[in-house]
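Morning, everyone. Please bring up the model on your screens, and we will walk through a few spots.

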Amino acid sequence: MEEEKVTPTPAEEPVETAAAEPAAPPPTEETASAEAAAPAPKKLNAFDKFFGITASGSTFKAEIIAGLTTFMAMVYILMVNAGMFSAWIFDDAGEPLFQIIPGLTYGAMYIATAIGAIAGTLLMALLAKMPLAQASGMGVNAFVVYTLILTSGLTYANAMVLTLLDGVIFVILTVTGLRKKIFEAIPVAVRHAIPVGIGLFIAFIGMQNAGVIKANGSTLVEFISFNVTAEGFAYGTIVAPLVAILGVIAIAIMAKKNVKGNILWGILGSAALYYALSALGLAWGDAACKGVFTQIGETFSFNPFGAFADWGTQSVGQVFANGFDFSHYLSTHSGWSLAGVIFASALSLCMVDMFDTIGTLYGACSKGNLLDENGAPKNMNKMMLCDAIGTCVGAVAGTSTVTTFVESSAGVSAGGKTGFTSLITAACFFVAMFLSPIAQLIPSAATASALIWVGVLMMGSVTKIDWSDAAEAIVAFFTFIIMVLGYSISKGIGIGIIAFVLVKLCTGKVKEISVVTWVLAALFIATFLVSSM
C-alpha cells in the first residue's frame, strides 16, 4: 500500500540556514549550565582594535612591561648623545682647549635627542604598529660630530642639512625599492666590517672622553698611567679613567646575568662611583676633584625648561636657518672639496643607516617571532619608512640620524608584540625630557662606559668575516682599521669598496663587480682626490 505524502504547511516548513547546518539538538540541563558559565566575548576597546593586542596574543600588561623595558634599555642615548654633541677637546694636562661645536649646550642636545626618539618611536607605533623604538643612532652620531664637524670642518647646521638629505634619500630609496640594489652592490666583506669599525670607533671615542686613552707625542696614543709613585701624580687624573673601566666591566657582568637595562644601571652606578671618588679627592685637597663640585655649583639648575630654551635657540630649525650656508667651509676649501664631502657623507650616512636598520629589524623581530612566511620582518617597508621619516624630523629638531635601536629586542623578548609597546616607550621619552637637570649630572666618565660597551656589542660581526679568504680579509680589514685609525667612518667604507674592486680586478674576477659597485668605487676615488672628507 502506497504511503500517503503529507505536504507540510508553511508554518511547519523547515527553515534553511546560510550554512545549511542540521538543526541543533534541544538544550539539556548540562549544556544550559555550561553556556551560562562561559564568559561573554570580550569587547575590544579602541586601543586594542587599533594595535591588535588581543589578536596578536598579547595583553596590555605585557605591552606596558615591554615598553618600559625597551625604554630602560635605550634611555642612555639621551645622556650619551647630548654629551657627545656638547663635548670639548682637552690637552694632555686635562685642560679644555675648545668645544667641538661652539655654543651648543648639553641641554639643547638632550631635548633634540628626546624629540627625535619620540618622533621615530611614535611613527613605529602608529604607522608600522611594531614593538620597536628609535633614537639617534650610535655610530652615526660619532660620524657627524667627529668626522663631519671636527675633521671635515662643517658647522653643526651644515651637518644637520646632510642628515636631512640622508633622510630624504632614504625615503626615496625605500619607496622606490632602490635600497635593495644599493645594499647588494656593497661587497659582503665591507658589510660585515662596517659594524666592527663603528664599534671600535665608538669605543675609542669613549676611552678618549674618559681619559683611558690619551695623546702622546711619540706613540700618538697611550694608555693612562695609574702609577701612584710617579713624580707629579695627581689623584684626580685617574678618577675618570678608573670609573670608565670599572663601569664597562659592571655592565658586562649585568649583561651576563641578563639584568634588564644593564647599560642604564651601569651609567648610573658609574656616576655614583665618580662622585664618591671625587668626594674623597676633595677631602684630600685634590684640585681636580674640587673643580668637579665647583662646576656643578656654578652650572646646575633645577629648572628643566632651561634646556627647552637652549634647544629653541641653538638646535631646532638650524638646518634651515644656517644649514645651507657653507661659507665657513668654503673659506678654507674649494667647491669641489665641498661636493666631495657632501657625496661621501650622504653615501656614508645612508649606508650606515641602512645596514644598521636592516640588521636591527631582522635581529629584533626574530626574537619575538615577528617574521613573515618568507623570513622577513613584518611590515618591513613601513618600518624602513618610519626610520627615514624619523631621520628627517630629527634633523629639523637638531639631532643626528634617527634609527631603530637594537635594544628594542629587550622589549620584544619581554613580550612586546604590537605598536602599543612603542607607544609606551615614546611616552617614557616624553617624561624624560623634563629630567634634563638630573641627566646633566651624569659625568662623561659614566657615559664613556656605555660607549665602550656598545663597541663590544658591535664587534660580534667580526666572526662573519671569512679570514681564511685573503681577498675578503684584506677588504674587511681595510674597512674597519681605516675607520678607527683614520678617525672616519666614510673613509673606511670608501677604502673598503676600492680595495674590493682592485682585488677582484687583479684576481680575474671582474664579473663579480656589479655596475653599481664600479660607480661607487669611482665616486669614492674622485672624492679622495678632491676632498679631505
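Helices here are DSSP runs of H or I with at least four residues, strands are runs of E with at least two, and both are numbered from the N terminus.

A word on the source. This is a predicted model, where local features need pLDDT of at least 70, side-chain atom pairs count only at pLDDT 80 or more, and totals for chains, interfaces and linings use all residues. Residues are numbered from 1 along each chain as its sequence is written, and side-chain values use heavy atoms, with hydrogens and water left out.

Back to α23. It covers residues 489-506, 18 residues in all. From first C-alpha to last it reaches 26 Å, close to the 26 Å expected at 1.5 Å a residue; that expected span is 1.5 Å times one less than the number of residues. Is α23 mostly covered or mostly open? Mostly covered: 13 of its 18 residues are buried. Buried means under 20% relative accessible area, exposed over 50%, partly exposed in between, with a 1.4 Å probe and protein chains only.

Next, Ser400. It sits in the loop between α17 (380-397) and β6 (402-404). Ser400 is buried, at a relative accessible area of 0%. What does Ser400 contact, leaving aside neighbours within four places in sequence? Asn81, Phe85, Ser136, Asn141, Val144, Met160 and Thr163. Contact means heavy atoms within 4.5 Å.

Last, Phe226. This one lies in the loop between β5 (220-223) and α10. Phe226 is partly exposed, with a relative accessible area of 31%.
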